[in-house]
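Here is a short briefing to read alongside the structure. Keep the view open as you go, and follow the chains topic by topic.

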Amino acid sequence: MTATTQPGAVAGTPQPRSGDTAGAPAGTGSRGTRIVGLLALASIALLVLYGLVISPADVEMDDAVRLMYVHVPSATYLYVGCFVTTLASGLWLWKRTAGWDALAEAGAEVGLVFAVITLGTGSLWGRPTWGTYWTWDARLTSTAVLTALLVGYLALRRLDLDPDARSARAAVLGLLLVPNVVIVNRSVEWWRSLHQDSTLTRIDPTIEGDMLVALMVGFLALGLVFSWLMIHRFRVAWLSQQVDRIDLDEALAERRAEAEAEVAR
Amino acid sequence: MIAMTHVGYVAAAWLGTFGLIGGYALAVVRRGRKLSRQVPPGERRWS
Amino acid sequence: MWRDAALVAGRDLRVEARSRVTLHQVAPFALLVLVLFAFALDPARQVLERATPGLYWVTVLFSALLAVARSAALDESGGVRDALRLSALEPAGVFAGKALAVAAELLALEVLLGAGVIVLYGAEPAGVGLLLATCLAATVAVAATGTLYGALVSGLRVRETLLPLLLLPVLAPVLIGATRAFEAALAGVPADGWPWCGLLAVFAILYSVAGAAAYGTLLEGS
């Protein structure tokens, strides 16, 4: 049974396990994540096969095209992560359930991982193809700004604040993430189009055959990786909330005990 | 595979990508275990 | 709501009039940045002239960081936040008031910087209509966004370092748009610049609405 990321009902398999979790280390794993994880590893292997071995080198870019099989999907999942954060932030502001807050955090952090991958692979693609590591083309530039937005969001989340205040501020910031991304993308694209810069990282639309398969496998593999990371990171965020709550309860209990001791004296 | 052009860049990109993913995955799972120890088993809602 | 806005704007501007921080600190800082750019870019090689629009707006952005930080700091001392919350003032009105005060300060700075750029970089004003419209739209955009983000970081110990990190990426489109519009105006082709001015206006409206809507949540959630 695959565990869902539904924040209101994070349930794993509900039926009693036959004792095999007795010795297992406590953590964020579950039967669902193990399945997703194995599928992810399998598809990564498939991607290596198709991406590095089976598919041919490109006519123009030679083997640098192999970077696209990772670069394009990771750019996609970066945007997915941002959407998750904005959506979850909006839902938190509406419902105020803690699960949405955890989901927003997970989306941003996993998104940041994919942002770094996108920038790295894009830069490494640019060097052999165009001679420079950075070309100020529309996609890379927007991604760089988006990375800054994510870093800022995560910085705000790490602050030592009353959790409710922190969640509220993060939610407002998170809600603005996708609108900011859209505005930045539009204006950067428009700006770069003035200089007749071709979008260097645009995939040739006539891509076909084994190259197309490699790209699709790339989407599959990174999609599974994204999902696996999201589930775990969401649970970590959720656990972190529980720990905060427990700490708070303990602190209150101590205070109460002190107060009672005072009264008894 | 060594006959690949730009093999340095391809290798760097792929190794870097999956290295980062692996490292991050490890960090998340480790943090999950650490937090999980502080939370009584009843509170965890997955298994 | 507008009465509340006028009240808050009046208060912010009165504080400024008495303390003169913008006048005595932010304005000199802005001019100093212009001078620093000249040191960095060597006036003899005409780079300054070509880069004038960009340098102008970067300077405005940096000065805006200071102005916004100051505006947010006005509400942090001694229970002012609680007073604001308990008062009958509409949060949207408080937001509008603060944003208008910041906008007024920024407009004054932009005029000053305009003079600075003419004097120091030898800029020749052209397409003045476009220049003014761009300044207006960009200023509202920066003031609205800045006031919202200022509230996001207010009261935090790390606010001085966090505010630039949060605000500057968001304002990147404003920088792009304002610079392109200025370039078009100064090059004598304002027709190229008006679309960018339009972008700035859209941005300004978006963030004015967003700020007004979100300010209530931010005021209560701290």
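**How the chains meet**

The contact between chains A and B takes 41 residues from chain A and 30 residues from chain B. This is a predicted model, so please read what follows with that in mind.

- On the side of chain A that touches chain B, the elements giving two or more residues are helix H1 (31-54), helix H3 (98-130) and helix H7 (210-264) of chain A.
- H7(A) provides the largest share of that side, with 11 residues.
- By type, the side of chain A that touches chain B divides into 23 nonpolar, 11 polar and 7 charged residues.
- Of the 2 pairs of chains that touch, chains A and B have the most contacts.

**Chain C against chain A**

- Which two chains each give 21 residues to their contact? They are chain C and chain A.
- On the side of chain C that touches chain A, H7 and helix H8 (190-220) of chain C each supply at least two residues.
- The largest share of this side, 10 residues, comes from H7(C).
- The side of chain C that touches chain A is made up of 16 nonpolar, 4 polar and 1 charged residues.
- Chain C does not touch chain B, and the nearest C-alpha atoms of these two chains are 24 Å apart.

**A helix pair within chain C**

- H7(C) also packs against another helix of chain C: helix H6 (residues 128-153) and helix H7 (residues 159-186) meet at an angle of about 170°, with their axes 10 Å apart.
- Angles over 145 degrees count as roughly antiparallel, and H6(C) and H7(C) are therefore roughly antiparallel to each other.
- The residues of the contact of H6(C) with H7(C) comprise 20 nonpolar, 4 polar and 1 charged.

**Chain B on its own**

- Chain B has 1 helix and 0 strands.
- Of its 47 residues, 26% are buried.

**Inside chain A**

- Helix H4 (residues 138-157) of chain A has 20 residues and spans 29 Å from its first C-alpha to its last, close to the 28 Å expected at 1.5 Å a residue.
- Is H4(A) largely enclosed or largely open? Buried residues account for 14 of its 20, so H4(A) is largely enclosed by the rest of the structure.

**Confidence in chain A**

- The average pLDDT of chain A is 83, and 86% of the residues score at least 70.
- Residues 1-25 of chain A have a pLDDT below 50, and this stretch has 39 contacts in the model beyond near neighbours in sequence.

Key: Residues numbered from 1 in each chain as written. Chains lettered and ligands numbered in written order. Predicted model: local features only at pLDDT ≥ 70, side-chain atom pairs only at ≥ 80, totals over all residues. pLDDT = per-residue confidence, 0-100. Contact = placed C-beta atoms within 7 Å. Axes fitted to C-alpha atoms, helices over the stretch in contact; angles between N-to-C directions. Helix = DSSP H or I, 4+ residues; strand = E, 2+ residues; numbered from the N terminus. Parallel < 35°, antiparallel > 145°, perpendicular 65-115°, else oblique. Nonpolar A, V, L, I, M, F, W, Y, C, P; charged D, E, K, R; others polar. Buried ≥ 20, exposed ≤ 12 C-beta atoms within 10 Å, placed from the backbone. Expected span 1.5 Å × (residues − 1).
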